[in-house]
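Work through these exercises with the model open beside you. Try each task before reading its solution.

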Amino acid sequence: MSFTRRDRRACAAILLALAAILATAASSSSGQSLPVINGPVVEFYAPRGVCCGGSVDVGFRGRQLADALEIIVLAGAIECAVPKTATDGTASAWFHAPKDAPLGECLFVLRTRTGLTDPMSFWIGPLPETTEQEPNNQIATAGVLRLETTLNGVLGPEDLDIFAVDAPA
């Protein structure tokens, strides 16, 4: 199952509407307005996928993640453990894709004491996965890729990645 940008936006809109309804209900019942609280923001997370039947520890970096409580799966068949947090505000959580999970995109949010993050994508694929290792911007430090393998990595601005491919002659 694949989700379009429109699907993700619709899901985010529903979550925001629910938060607004809850805030309105709470403020009208107490007669006081609620303080504005900035919610959690994930600026980076990796890896962003796993092979069907596999497990991976996903790391999150951003703002207001130190009080992470749970991963909420919005769509897809991933299973997630309770996030672990560190003193530097990062978090990590174990993700697992069951052997019989459908391939494709899953959507999830990270819930903290101050709210929900925007929805994020996580992919379940059919091939074994390998993670990009830095530095790999020179021929001498090129990572070796095997055929029929998915590479988990991130391309940043002006990022140069060089790989050697292990293929039969």
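## Exercise 1: a loop residue

Asp-161 sits in the loop between strand 13 (150–152) and strand 14. Strands here are DSSP runs (E, at least two residues), as helices are (H or I, at least four residues), and both are numbered from the N terminus. This is a predicted model, where local features need pLDDT of at least 70, side-chain atom pairs count only at pLDDT 80 or more, and totals for chains, interfaces and linings use all residues. Residues are numbered from 1 along each chain as its sequence is written, and side-chain values use heavy atoms, with hydrogens and water left out.

**Task.** Find which residues Asp-161 touches, not counting residues up to four places away in sequence.

**Solution.** 
- Step 1. Apply the cut-off: contact means heavy atoms within 4.5 Å.
- Step 2. Skip residues up to four places away in sequence; Asp-161 then touches Glu-132, Glu-134, Asn-136, Val-154 and Leu-155.
- Step 3. Asp-161 and Thr-141 are 20 residues apart in sequence and 9.6 Å apart in space.

## Exercise 2: the whole protein

**Task.** State how many helices and strands the protein has, and what share of its residues is buried.

**Solution.** 
- Step 1. Count the elements: 1 helix and 14 strands.
- Step 2. Set the classes: buried is under 20% relative accessible area, exposed is over 50%, and partly exposed is in between (1.4 Å probe, protein chains only).
- Step 3. Of the 169 residues, 28% are buried.
- Step 4. The protein exposes about 10,700 Å², and carbon and sulfur atoms supply 57% of it. Such areas come from the Shrake-Rupley method with a 1.4 Å probe; for residues, only the protein chains shown count as cover.
- Step 5. Look at the contacts. Among those between residues at least 6 apart in sequence, 53% join residues at least 24 apart.

## Exercise 3: salt bridges

**Solution.** 
- Step 1. Use the rule: a side-chain nitrogen of Lys or Arg within 4 Å of a carboxyl oxygen of Asp or Glu.
- Step 2. Take Arg-63 and Glu-43, whose side chains meet at 2.7 Å, N to O. Arg-63 is in strand 3 (residues 55–63) and Glu-43 in strand 1 (residues 41–46), so this pair ties together parts 20 residues apart in sequence. Arg-63 is partly exposed at 47%, and Glu-43 is partly exposed at 49%.
- Step 3. Take Glu-70 and Arg-111, which meet at 2.6 Å, N to O. Here Glu-70 in strand 4 (residues 68–75) is linked to Arg-111 in strand 8 (residues 104–112), 41 residues apart. Glu-70 has a relative accessible area of 30%; Arg-111 has 30%.
- Step 4. Take Asp-166 and Arg-146, with closest N and O atoms 2.5 Å apart. This pair links strand 14 (residues 163–166) to strand 12 (residues 143–146), and the two residues are 20 apart. Asp-166 is partly exposed at 38%, whereas Arg-146 is exposed at 53%.

## Exercise 4: paired strands

**Task.** Work out how strand 3 pairs with strand 1 and with strand 7.

**Solution.** 
- Step 1. Check the rule: two strands pair if DSSP finds at least two bridges between them.
- Step 2. Strand 1 and strand 3 run antiparallel, joined by 5 bridges. Val-41 stands opposite Arg-63 in strand 3.
- Step 3. Strand 3 and strand 7 are also antiparallel, over 6 bridges. Gly-59 stands opposite Ser-92 in strand 7.
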